[in-house]
Amino acid sequence: MKPSRPVGITGYGAYVPRYRLAGQAVSELWTDGNAQPPVREKAVPGLDEDVATMSIEAARNAIARASYADPAFSPAELGAVWVGSESHPYAVKPTSTIVAEAIGATPYTQAADWQFACKAGTEAIQAAIGFVGSGMAAYALAIGMDAAQGRPGDALEYTAGAGGAAFVIGPAERALVEIEGSVSYVTDTPDFWRRQYEKYPEHAGRFTGEPAYFHHIIASVTALLRQMNLSARDFAYAVFHQPNVKFPLKVGEELGFTREQLRPGLLVNDIGNTYAGSSVIGLTAILDIAQPGDRILLASFGSGAGSDAFCLRVRKTVAAKDVWTTQEYVQRRTPIDYAQYSRMKGNYKLN
Amino acid sequence: MRDVSIIGIGQTPVGEHWDKSLRELGFQALRAAMKDAGIERIDALYVGNMLSGELTGQEHLGALIADFVGLRGIEAIKVEAACGSGAAALRVGYMAVAGGLHDIVACIGVEKMTDQQSGTVTSALAAAADAEYEALQGLSFVSINALLMRRYMHEYGYKKEDFANFAVNAHANAVNNPYAMFRSPITREQFAAAKPIADPINLLDSSPIADGAACVILAPTAIAKEFTGKPVRVRATAIATDTLAVHDRRDPLYLEGGAISAQKAYAMANVGPSDIDLFEVHDAFTIMSALSLEAAGFAPRGQGVRLAMEGEIGLNGRIPITTMGGLKARGHPVGATGMYQIVEVAQQLREEAGANQVKNARLGMAQNIGGSGATVVTTILERL
Amino acid sequence: MEVARFWRTIGQRYRLIGEVCPNCGKRIFPPRDVCPACEQEARTPFAFSGKGEVYSYSTIHVPPEGFEKFAPYVVALVRLAEGPLVTAQLTDVDEDEIYIGMPVEMVTRVLREDGERGMLVYGYKFRPARPVRGDAPKSAAELARVPEPAVNPVAEAKQAAMQAVMA
C-alpha cells in the first residue's frame, strides 16, 4: 500500500521504565527454577507509571527529534494523536487525550485509542500514513505502548514487559525515514485474547506459534517484498514482533534475514515483550544507529490475528544529543525482586 | 484604643482525652479561666480552632461552645488560621476590648485530634499548606518542614545533632508542667536515635498531635484589678502573612511573616528583642524554633540553632524558650497551641510557673505560626 | 470525586505551563496571575522547560491519605532553570543518590487515583536528568548481546507447554 503523497517518520522516540524483573525470579517462584526463562529479564513500570505516562514520554522524545529534523514543526500541528495499546489505563476514556494534552497538541486534533493486541501500535502508524498521505493532516502521532499483563505463574509472566515507541508521521520530504510501502494481513485467528472485565489474557498455547505468529508475519512480509520488488538482502535491518528471543530469530531466518540484520532491533531479552510497543521500539533502536540510505523492514504481529509490514528507507539522521536513545533506556536498569514486582503490579490490596 | 489585660487563665492537660469531646474540652478551659478571673458572665467568645470540621465533623464552634457553657445569646465566633488559630483568637478578642465593643471577652484555643487515625490527621494537617501545589503532590506537613531543615543544614553547615537541644530543653521543662503531655526528660542520644518520619526530621524533632484547650479572659486594664491581683497586660498582638507554599517564598529559609509580625509587635510595645525575658516559640519541629528565633531577632540568619547549641535557650539562658515544654513536650493540639503559649507566658509573668519560673520575668513573648509560616501571630505580654 | 478541581489545572500539571510577567519578565510557576516580583497582572502563558535542580528533599514514611501505596517516596523543592521553585515528588530515583543541586527533569506521572473507581490524576514529578551522552552511538555489532536461544534438555518438555508467549 502507498499513500497518494509520500510520507515518512519525521521524529521517533522510545520509552522503557527502569525496573527489571529477571525471568529466573519467576521461574524460581513457580517452578523451583526448572523452567528455562524465555527472556533474561523484562521491564516493569513503576508505581506511578501507566500507558498514558509512558506514551507521554515517548511522544516528547519523538517531538524533540521531529523538531530537530524539521524546525518548523510544532506539536500543535499534529492532526492526530493515536495510542495503540492493550493496557489503556481506563476501560472507557481515551489515553490519547491525556497524551495530546501533555504534549500540547490539543485542542484541534484527532485523538483515539487503538486496540489490536500487539499490533495496535503499527495499526496507528498505518492510519497515520493514510491521514497524512491523503492530506487530511500535516502530521500525525502514532504510538505503540504497553504495560503488559501476565497471570502470575503463567508463561506470559516471564515476558510481559513494559515500554514502546512514538512516531511523528509527516511529509516524506521533511522526514528522517521515508515509508516506501506497507502491507496489512489479517485473519480471524484467536490465539490470544482477554475478555471484557478479565484482568489477565488467555492464550492458546502452541497454537500461538505456527498458525498465528509465523503465518501472519510471513504472509505480510512476503507480500510486501513482492510489492516492493525487494528481497531480504536489500535491507540493512529488520525488526519483527518479539514475544521472546526465539520467534523473531526464527521468522527472520525463514524470510531470509540474517541475525546481523535483526540484532540491533532485538530488545526482548532485556526488556521483555512490550506487546503493542514490541516491534516499534525495536525500530527506534535501529533508527538510533541507521545511516542515510539504509532500508529497514518492520513487521508487527497482533493476536487475533494480523501483521503489518513496512518498508522504510532512511533519508537523513539528526544528532538530537539531548534526547534519550532507546539503548539508554534499555541500559538504565534497576533490578527488583518478585515481591517488589508484585507490589508494582498492584497485587497487594492496601484498602 | 483602650489598654487590655488578661484577668484569667485556664487550660486542660494536653494529651489523649479519650473521654472528652471538643465541646467538653472547651468548656473545661473556659470554666477554669472564668473561675480564675472570678466572673460568671462574658460579653463575647472567640474560639481559635483549625480542624474541627475535618476531624470531628463539627464547625460552628462559637455558638456550640457558648451554648454548652451556658452562655447562650452572647457573641461567639470561630477564628481559623491553621496552627496560628489560637493566638489569632486572642487578637480578635483584643480588638473587641481595645476598640470598646466589649468589656469582658473570652478567647479559647481548642482542638480535638485523637478521634481520627493518623492518616486522616496527616491529610488534615496538610490543609495548612497549599492544597493545590503542596498537598496534592503528596507532601505531608512534616515533609515541608523536612525540606526546610535539610536546606538549612546544607546552607549553614549544621549537623542533625545540632538541633538536639531544642527537644532536650523542651522535655526538661515539661517535667514540671502538670498540663504537659510528655513529662519525661530525653537525652541527646535518644534524639539522635529516634525513628525517622520525613528525613531529616525524626520523631523527637516533632511535636505530638494531641487534644487540649486553653483560655484567657480579657478586660480593659483600667478595671483589671477589680478581678485579679495579677493582671497581665497585652502589650502587643500582631499578625503577618506570607505565601502558603514554601516554594512561593522569596527565601524559603527566612520566615518573612515571622519577621514582619515580630517587628509590628515590637513597634506596638515599643520594645526590642533584648527587652524580652522569655519567648514561647512555635517548635512544631526543631527547625521552626531556629527560624522563629531568627525571624524575631534573637539570632542572625543561620544562627538560631547556635542558641540551642550554646545553652542560651534554657531557663537561665539568654533567651529562655519553651519554658513549659513547648509544642514538643507540652504537646501540639494545633488550633489550641497559640493559646497555650499565651497562658504559659501569663503563668511566667504571674510567677506561677513553679520550678520553671524565669526569674524577674517582666516581658514575655509568644510567636504562634500557622502552616509553615503563612500566618504568624506575635504576642507580647507584660507583668503589671 | 474532585474531577473539575484536577481538570482545570491540567495545563500546568501535565506540562508545566506557568506564566511570564509582561511587565518585568519574571517567570511564574505555579501560575498566580499577579507577578510576585512587581505585583502587576501577569497572565501570559509560559511553558517551562522542565529542567531544574534539587533545592531540598525528604523521604516520606508516613504518607497522607491517597498516597499510601507509594510510600516511602521522595519529595523535593526543585529550582527550575527559569527561576521558580516548585514542590514535587522525585521519581525513578534511589534515595541515596539524591543530593542538593542534583540536575533533574520533569516527567508526567500518576500523582494519585481518586479511589479504585475514580479518575487518575496525572501531574509533574522530577527524575534525575538524563546523563550527558558520551561518544557516538555504539555500532550494531557492539549492541548485539543476543544469546542463543537456551537449550536445556531437562526443561525442553516444559518449554513445549509454555513456549508460545505473545500477544
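This is a predicted model: local features need pLDDT of at least 70, side-chain atom pairs count only at pLDDT 80 or more; totals for chains, interfaces and linings use all residues.
Visitor: In what order do the strands of the open sheet in chain B stand?

Guide: Strands of a sheet pair through backbone hydrogen bonds, either parallel or antiparallel. Helices (H or I, at least four residues) and strands (E, at least two) are DSSP runs numbered from the N terminus, and two strands pair if DSSP finds at least two bridges between them. In chain B, 9 strands form an open sheet with mixed pairing, in the order 3-2-4-7-1-8-11-10-9. Strand 3 (75–79) and strand 9 (278–280) of chain B stand at the edges with a single partner strand each, so one side of each is left without a neighbour in the sheet. Strand 2 (residues 44–48) of chain B pairs with strand 3 of chain B in the parallel sense over 5 bridges, and there B:Val47 stands opposite B:Lys78.

Visitor: Which strands does helix 1 of chain B lie across, and at what angle does it run to strand 1?

Guide: Axes are lines fitted to C-alpha atoms, for helices over the stretch in contact, and angles run from 0 to 180 degrees between N-to-C directions; contact requires C-beta atoms, placed from the backbone, to lie within 7 Å. Helix 1 (residues 22–37) of chain B lies across strand 1 (4–11), strand 2, strand 4 (105–111) and strand 7 (212–220) of chain B, running at about 130 degrees to strand 1 of chain B.

Visitor: With which strands does strand 4 of chain A pair?

Guide: Strand 4 of chain A pairs in the parallel sense, over 5 bridges, with strand 6 (residues 139–147) of chain A, where A:Trp82 stands opposite A:Ala142. Strand 4 of chain A also pairs in the parallel sense over 5 bridges with strand 5 (residues 110–114) of chain A, where A:Gly84 stands opposite A:Trp114.

Visitor: How many residues of chain C are in contact with chain B?

Guide: In this model, 26 residues of chain C are in contact with 30 residues of chain B. The largest share of the chain C side, 6 residues, comes from strand 4 of chain C.

Terms used:
Residues are numbered from 1 along each chain as its sequence is written. Chains are lettered from A and ligands numbered from 1 in the order in which they are written. Two residues are in contact if their C-beta atoms, placed from the backbone, lie within 7 Å.
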